[in-house]
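Here is a short briefing on one protein model. Keep the structure open as you read, and find each residue as it comes up.

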Amino acid sequence: MPIAHGAPVPRLNSMAGRRMLDTGGIRMDQHESRPHPGFGEAFGVWLKIGLLSFGGPAGQIAMMHRIVVDEKKWVSEPQFLHALNFCMLLPGPEAQQLATYIGWLLHRWAGGLAAGLLFILPGLLVMLGLSTVYALWREIPVIEGLFFGLQAAVLAIVIEAVHRIAKRAIQTGFLLGLGAAAFIGIYVLQIPFPLIVFGAAVIGWAVGRLREDWIIPGPSHRDGDVLPSVAPSWQRSLMVLAIFGALWLGPIVFLYITLGGSHAFSQISVFFSEMAVVTFGGAYAVLAYVAQQAVDFYGWLGPDEMLHGLGLAETTPGPLILVLTFVGYLAGFRQGGVDPVLGGLLGGVMATWVTFVPCFLWIFLGAPYIERARNVKAFAHGLAAITAAVVGVILNLALWFGLHAVFREMRPLSWGGWTWDIPVWSSIDPAMAALAAAALIAVLRFHVGLMWLLGGCALAGVALTLIR
């Protein structure tokens with residue numbers, strides 16, 4: 001059997017009581033042989049994930065877990081959660097960064113680039129196409145119905161994903177309470193996401209020193225994993241910084257030199273570069289700031305169009321942060337100074353480029369250090385607490401999406417200095433509520449496959465829209 005890069009390390013797993021071999025993060029034992037996936041096989045799986053990555057970060061992470069951990073068994077449960085914890089700490093879309101991380105674990109640079117790019121490209125192409133349709137022909141009943149049905153499917157996927165992730169990430173009563181506190185903190189008290197992450201890390205570190213069983217039930221073990229063969233070093237880090245720093249900042253400098261700082265394309269490159277380093281918590285967390293700047297300051301689009309862009313991002317594969325592609329498209333379409341469609345395509349691609357290049361930088365720069373840190377208990381305790389807190393954050397996102405999908409109107413409710421959006425109960429959309437309930441039953445009770453769910457809801461949405 002060909003062995004992947006990095007020599008296999010024989011050892012005895014005390015928990016399982018049997019000899020195991022690890023190669024590239026893949027577990028092999030004397031009872032069951034699992035070959036390291038070839039790059040072609042992994043490429044096909046990453047393409048499949050990219051094409052099916054509907055449902056926002058919760059659904060995307062759950063689907064990735066089902067494929068690479070449960071079905072393919074390419075990485076173990078602890079290794080997957082460790083990578084997820086790190087990606088939750090980073091600005092940018094955590095699901096795309098998680099795919100890049102796992103791709104790097106399996107095939108290093110080539111694997112990370114393939115996994116990360118394939119997670120983005122299908123959604124990017126769809127978003128550019130939908131943005132063109134939106135800019136040229138906004139109201140087409142069939143397209144409206146398609147989006148209507150997909151919204152119901154996405155809502156069911158997100159709720160099911162929250163359940164799946166919570167079952168695997170929250171293993172103790174303390175972590176359950178921490179997740180609930182995070183939900184209250186972000187939904188009720190409106191504490192910023194970075195503060196919740198930092199607070200969870202500190203709490204996990206402190207509690208883990210006193211009561212490790214509150215964080216990790218039972219003896220902690222590596223479950224057959226080995227560290228990657230890539231050792232962290234200053235030379236490697238400087239090389240990563242040089243390569244991805246040039247890819248990130250080079251286009252910005254070029255646009256400033258050739259077009260000037262006041263041109264729309266220059267403004268797009270700078271604005272979305274700023275978003276790339278502050279988008280903790282994903283698209284929802286940054287949406288308010290993007291809307292304020294893009295609508296009020298730059299005048300690229302209207303407030304209702306911002307919500308339409310989020311709706312498009314919700315119903316396309318890929319990370320929800322692709323809503324920024326929509327904003328960049330309309331900016332280039334209206335202010336690019338060239339043919340509107342060409343300007344829109346250039347604006348959308350530029351916004352996407354400066355948003356996602358930093359994501360590869362964070363992973364390739366930090367992954368070797370993070371993998372080595374798996375042996376540090378205090379670090380593991382902090383990350384486990386972060387995972388529990390993020391479950392509460394994702395639940396908040398699911399609730400936000402559900403309310404805005406099922407109710408046509410929301411109204412502000414203020415008390416004690418806080419303001420929340422609550423639904424106007426008379427504005428409930430019975431068709432959306434019924435279709436979303438049917439989708440949820442199909443997923444939770446009958447475990448309907450993703451493509452069947454999306455296809456069935458899309459057809460139902462078209463039919464309901466045409467009837468109405």
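A nonpolar core is a set of buried Ala, Val, Leu, Ile, Met, Phe, Trp, Tyr and Cys residues joined through side-chain atoms within 4.5 Å. Keep that idea in mind for the model shown here, which is predicted. In its largest nonpolar core there are 109 residues.

**The protein overall**

- The secondary structure comes to 17 helices and 5 strands.
- The protein has 468 residues, and 55% of them count as buried.
- Take the contacts between residues at least 6 apart in sequence: 72% of these join residues at least 24 apart.

**The nonpolar cores**

- Which residues touch the most other members of the largest core? They are W46, V68 and F272.
- Helix α4 gives this core its largest share, 17 residues.
- In soluble globular proteins, nonpolar side chains tend to be buried together.

**F272 and T355**

- Leaving out residues up to four places away in sequence, F272 touches W300, L324, V327, G328, A351, V354 and T355.
- T355 sits in helix α14.
- Is T355 buried or exposed? Its relative accessibility is 6%, so T355 counts as buried, because the cut-off for buried is under 20%.
- With the sequence neighbours up to four places away again left out, T355 touches F272, A276, I321 and L324.

**Helices α4 and α14**

- Helix α4 spans residues 94–136, and helix α14 spans residues 340–372.
- They pack at an angle of about 160°, and their axes are 10 Å apart.
- The contact of α4 with α14 has 22 nonpolar, 8 polar and 2 charged residues.

**Helices α13 and α14**

- Helix α14 also packs with helix α13, residues 323–335. The angle is about 145°, with the axes 6 Å apart.
- This crossing is right-handed.
- From α13, the contact uses L324, T325, G328, Y329, G332 and F333.
- From α14, it uses P340, V341, G343, G344, L345, G347, G348, A351, T352 and T355.
- By class, the contact of α13 with α14 has 7 nonpolar, 9 polar and no charged residues.

**Helices α6 and α15**

- Helix α6 covers residues 173–187, and helix α15 covers residues 377–406.
- How far apart are their axes? The distance is 7 Å, and the packing angle is about 45°.
- At that angle, α6 and α15 are therefore oblique to each other.
- The crossing of α6 and α15 is right-handed.
- On the α6 side, the residues that meet α15 are L175, L178, G179, A182, F183, I186 and Y187.
- On the α15 side, they are A384, A385, A388, A389, G392, V393, L395, N396, L399 and L403.
- The contact of α6 with α15 divides into 14 nonpolar, 3 polar and no charged residues.

**Two buried helix residues**

- W104 is in helix α4. Its relative accessible area is 0%, so W104 is buried.
- W104 and A115 are 11 residues apart along the chain. Their C-alpha atoms are separated by 8.2 Å.
- L397 is in helix α15. At 11% relative accessibility, L397 counts as buried.
- L397 and V162 are 235 residues apart along the chain. Their C-alpha atoms are separated by 9.9 Å.

- Most residues other than glycine have a negative phi.
- K73 has a positive phi, near 55°, and is not a glycine.
- Where is K73? Look in the loop between α2 (56–71) and α3 (77–89).
- K73 is partly exposed, with a relative accessible area of 31%.
- H447 is not a glycine either, and its phi is positive at about 50°.
- Find H447 in the loop between α16 (430–444) and α17 (450–467).
- H447 counts as exposed, because its relative accessibility is 62% and the cut-off for exposed is over 50%.

Technical notes
Residues numbered from 1 in each chain as written. Predicted model: local features only at pLDDT ≥ 70, side-chain atom pairs only at ≥ 80, totals over all residues. Heavy atoms only, no water. Axes fitted to C-alpha atoms, helices over the stretch in contact; angles between N-to-C directions. Helix = DSSP H or I, 4+ residues; strand = E, 2+ residues; numbered from the N terminus. Nonpolar A, V, L, I, M, F, W, Y, C, P; charged D, E, K, R; others polar. Buried < 20%, exposed > 50% of the residue type's maximum accessible area, 1.4 Å probe, protein only. Contact = heavy atoms within 4.5 Å. Parallel < 35°, antiparallel > 145°, perpendicular 65-115°, else oblique. Left-handed = near helix turned anticlockwise from the far one by under 90°.
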